[in-house]
Amino acid sequence: MHYHPQPAWAMPEHEATPESVFFNRRAFLKGSLGIAAGGAAGVGGLLTETAEAADQEAPRDQTLDLYPAKRNPTFQLDRPLTEAEEAAKFNNFYEFGPVKTISLLAQRLNTRPWTVNVHGLVNKPKMFDIDDLIRSMPLEERLYRF
């Protein structure tokens with residue numbers, strides 16, 4: 001049997017997410033299932049409202065000039081690439097619904113403004129704006145076969 005000693009900064013998994021956040025996530029998922037069950041008409045209305053709200057509220061992405069990122073030649077494939085339109089429809093984030101082809105509803109996630117707060121048991125706590133964080137690292141495109 002292997003023994004893996006825990007580092008001094010490690011905490012039990014049950015302490016990682018506050019209970020209130022956990023229960024709110026479940027309520028959001030229940031609402032998402034209700035939307036999915038509502039049919040195409042309900043989804044269409046939701047998408048229209050979301051697009052209008054996004055136009056009014058969301059600040060512009062300040063990193064658009066970084067794309068497309070340069071492709072790293074180290075990562076080559078032995079088969080043709082999946083068409084971008086097809087790959088963009090795939091989603092592994094079940095917060096938006098129980099199916100992987102829910103790309104239209106996933107657009108509801110506002111990514112601007114967004115901050116990443118690094119705090120707790122760290123040497124240098126800091127809050128990052130998502131655009132500053134993206135610009136602080138070199139971007140590259142890598143191709144992977146799954």
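In this predicted model, the side chains of R112 and D131 are joined by a polar contact of 2.8 Å. The side chain of R112 also makes a polar contact with that of T111, at 3.2 Å. R112 itself is placed in the loop that runs between helix 4 (103–106) and strand 1 (115–118), and its relative accessible area of 11% makes it a buried residue, because values under 20% are classed in this way. Beyond these contacts, R112 takes part in a network of salt bridges in which it is linked with D61 and D131.

D65 lies in the loop between helix 2 and helix 3, whereas R135 belongs to helix 5 (residues 130–135), so the pair ties together parts of the structure that are 70 residues apart in sequence. With regard to solvent accessibility, D65 counts as exposed, at 57% relative accessibility, while R135 counts as partly exposed, at 41%.

A further salt bridge brings together the side chains of R71 and E141, with an N to O distance of 2.7 Å. Here R71 is found in the loop between helix 2 and helix 3 and E141 in the segment after helix 5, and the pair therefore ties together parts that are 70 residues apart in sequence. R71 is partly exposed, at 41% relative accessibility, and E141 is likewise classed as partly exposed, with a relative accessible area of 27%.

E140 forms a salt bridge with R142, in which the closest N and O atoms are 2.4 Å apart. E140 is partly exposed, its relative accessible area being 38%, and R142 is also partly exposed, with a value of 40%.

Apart from these charged pairs, the surface carries a nonpolar patch formed by L64, Y67 and L139, which together present about 270 Å² of accessible area.

Note on methods
Residues numbered from 1 in each chain as written. Predicted model: local features only at pLDDT ≥ 70, side-chain atom pairs only at ≥ 80, totals over all residues. Heavy atoms only, no water. Patch = residues over 30% accessible without salt bridge, like charges linked within 9 Å, V, L, I, M, F, W, Y side chains within 5 Å. Areas by Shrake-Rupley, 256 points an atom, 1.4 Å probe, with all protein chains shown as cover. Salt bridge = Lys/Arg side-chain N within 4 Å of Asp/Glu carboxyl O. Helix = DSSP H or I, 4+ residues; strand = E, 2+ residues; numbered from the N terminus. Buried < 20%, exposed > 50% of the residue type's maximum accessible area, 1.4 Å probe, protein only. Polar contact = N/O pair within 3.5 Å; in protein donor to acceptor, adjacent residues only side chain to side chain.
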